[in-house]
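User: I am new to this structure and would like to learn how to read it. Could you take me through it one feature at a time?

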Amino acid sequence: MAVETLWPEKQHMADAPQGENGIEVNGRSAPALPLRLLLCTPPQGLDPAEAAYARALTDRLQGQMDEGNLARAAAYDLVLTTQQAVDLPSTLRSGASVLIMGQPRWPLRHLLLICRAEASDVVALPWVKRLATAETAVTLLVVVPCIPAVYRLAGPQPLGLHSLLHPDTTSGQHIRRLLQALSAAGITARVRLRDGEPDEQIRREAATSLYELIVIAREEHGRLRHAVLGELVTPMLAWLNTPLLLAKETLSARP
């Protein structure tokens, strides 16, 4: 079962993330620097659809693209690669954000932002703001631990919805900040929740074939988080063909 809600509140919050046009440096707004993109191609090169996708993405991000290998990734904001070229362990150690093209889809009419309701989600916001346009519908899928049916309350909504989105909970406040930051950038997002194990929640939402791009913050290491949600990124790559952006902080956002 899927549950969704639209968030009606748009009031400003003082601690909301800064907009895409600048960052705060010593209390002042500084312009963002152009993004640097590194294109890592497989030995056989890119097919026409992949090449067109790389050009369109570079234009949308207003970035500068170079071609090279992963050894140069530390100097770049985003590594753009294919499923054939990706070496996942090395790629995830690179320190840059990574976009795995999968089966390229353009334009970006529907974008899925996967949220763990934790602090690391914030690093995905600048990417969503840069990639989304007025025509892009953004969905925020909140991935939650599986709640066995025996522990659910009777009623039309699962136990997790009220507790996750309530303004007095840490997760509710966190999700509000994300949505208000998107709203401040002119982006309206809806919230979705799905049943099942965390990986299954993502799989079910992605199976709608609605999305041209999925964005998720790069996973942080930690036994507690893995015990609650498990590892999400590696299992996704085994079945996902939608382009996937694994987000980290951009170099241009660092003071």
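Analyst: Happy to. Let us begin with a pair of side chains: those of Glu205 and Tyr211 make a polar contact of 2.5 Å. A polar contact is a pair of N or O atoms within 3.5 Å; within protein, one must be able to donate a hydrogen and the other to accept it, and residues adjacent in sequence count only if both atoms are side-chain atoms. Before going on, please note that this is a predicted model, in which local features need pLDDT of at least 70 and side-chain atom pairs count only at pLDDT 80 or more, while totals for chains, interfaces and linings use all residues. Residues are numbered from 1 along each chain as its sequence is written, and side-chain values use heavy atoms, with hydrogens and water left out.

User: Is Glu205 buried or exposed?

Analyst: Buried means under 20% relative accessible area, exposed over 50%, and partly exposed in between (1.4 Å probe, protein chains only). Glu205 counts as buried because its relative accessibility is 1%. Contact means heavy atoms within 4.5 Å. Apart from neighbours within four places in sequence, Glu205 is in contact with Leu112, Thr139, Leu141, Arg190, Arg192, Arg194 and Tyr211.

User: What does the whole chain look like in these terms?

Analyst: Its secondary structure comes to eight helices and 12 strands. Of its 255 residues, 45% count as buried. Take the contacts between residues at least 6 apart in sequence: 77% of them join residues at least 24 apart.

User: How do I read a helix such as α1?

Analyst: Here is the general idea: an α-helix has 3.6 residues a turn, so residues three or four places apart point the same way. In α1, the buried residues are Glu50, Tyr53, Ala54, Ala56, Leu57, Thr58 and Leu61. They pack against several elements, among them β4 (36–39), β5 (64–67) and β11 (213–217).

User: How far does α1 reach, and what is found at its start and just after it?

Analyst: The expected span of a helix is 1.5 Å times one less than its number of residues. Helix α1 (residues 48–61) has 14 residues and reaches 20 Å from its first C-alpha to its last, close to the 20 Å expected. At its start, a side-chain oxygen of Asp47 comes to within 3.1 Å of the backbone nitrogen of Ala49. Just after α1, Gln62 takes a positive phi of about 50 degrees.

User: What can I say about α5 in this way?

Analyst: Helix α5 covers residues 170–184, which is 15 residues, and its reach of 21 Å from first C-alpha to last is close to the 21 Å expected. Its buried residues include His174, Ile175, Leu178, Leu179 and Leu182.

User: Where does Arg116 lie, and what does its side chain reach?

Analyst: Arg116 lies in the loop between β8 (110–115) and α3. It is buried because its relative accessible area is 5%. Its side chain reaches the backbone oxygen of Ala217 at 3.1 Å. Ala217 lies in strand β11 and also counts as buried, at 1% relative accessibility.

Notes:
Helix = DSSP H or I, 4+ residues; strand = E, 2+ residues; numbered from the N terminus.
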